[in-house]
Amino acid sequence: MISQKAKYAFHALVALARTESLMVGEIAAQEKIPRKFLEQILLELKRHGIVLSRRGKFGGYGLLMPADRITFGQVLRILDGPIAPLPCLSRIAYRRCADCQSEESCEVRRVFARVAEQVRDVLDRTTIADAIRKLSPESEAALNGPRRADVGTLLS
């Protein structure tokens, strides 16, 4: 699960992608995000070069990078850390599992490696611009991959 902090960040980035600049209070009210928490989130995103802030009458926050270059994976790693279900699968915080005899023969690692790769692929290919664009059914299918049979079909 993603943190509430990351979820709020995505809402704020989508709001900023729809306009040139917004004040913190405007984003907080529009997206129903606690203002103090939003300020912390935006400062962290600013430190990582995702957003910029301007002071003065026409100040506020805006996107520093184009919305089509800000990926969900990038933002999630900034706010929540590694995107890996197991420490031995992390690309940025690798750690061998304490109970592991051999990573090469670990069945659990092998299964979760496939899961992690699929999740990373979707998050690293999906941008803030994609989130605000209405996707056609074909685009949605391409983004989500092939559909699996539903549980009812499998059980019948």
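**Overall fold and helix α5**

In the protein, residues 24 or more positions apart account for 57% of the contacts with a separation of 6 or more. The model is a predicted one, and its secondary structure comprises eight helices and two strands, which follow one another along the sequence in the pattern α-α-α-β-β-α-α-α-α-α.

Helix α5 was then considered in more detail. This helix has 19 residues and reaches 28 Å from its first C-alpha to its last, a span close to the 27 Å expected at 1.5 Å a residue. Within α5, the residues Ala-116, Arg-120 and Leu-123 are buried; seen down the helix axis, the buried residues fall within an arc of 65 degrees, and they therefore line one face of the helix. An α-helix has 3.6 residues a turn, so residues three or four places apart point the same way. The cover over the buried residues of α5 includes α4, which spans residues 72-80, whereas Glu-107, Arg-114 and Gln-118, on the other side of α5, are exposed.

A nonpolar patch was also found on the surface, formed by Val-108, Val-111, Phe-112, Val-115 and Val-119, which together have about 370 Å² of accessible area.

Note on methods:
Residues are numbered from 1 along each chain as its sequence is written. This is a predicted model: local features need pLDDT of at least 70, side-chain atom pairs count only at pLDDT 80 or more; totals for chains, interfaces and linings use all residues. Side-chain values use heavy atoms; hydrogens and water are left out. Patches are made of residues with over 30% relative accessible area and no salt bridge: like charges are joined within 9 Å, nonpolar side chains (Val, Leu, Ile, Met, Phe, Trp, Tyr) within 5 Å. Accessible areas come from the Shrake-Rupley method with a 1.4 Å probe; for residues, only the protein chains shown count as cover. A salt bridge is a side-chain nitrogen of Lys or Arg within 4 Å of a carboxyl oxygen of Asp or Glu. Helices (H or I, at least four residues) and strands (E, at least two) are DSSP runs, numbered from the N terminus. The expected span of a helix is 1.5 Å times one less than its number of residues. Buried means under 20% relative accessible area, exposed over 50%, partly exposed in between (1.4 Å probe, protein chains only). The arc is that of the directions from the helix axis to the C-beta atoms. Contact means heavy atoms within 4.5 Å.
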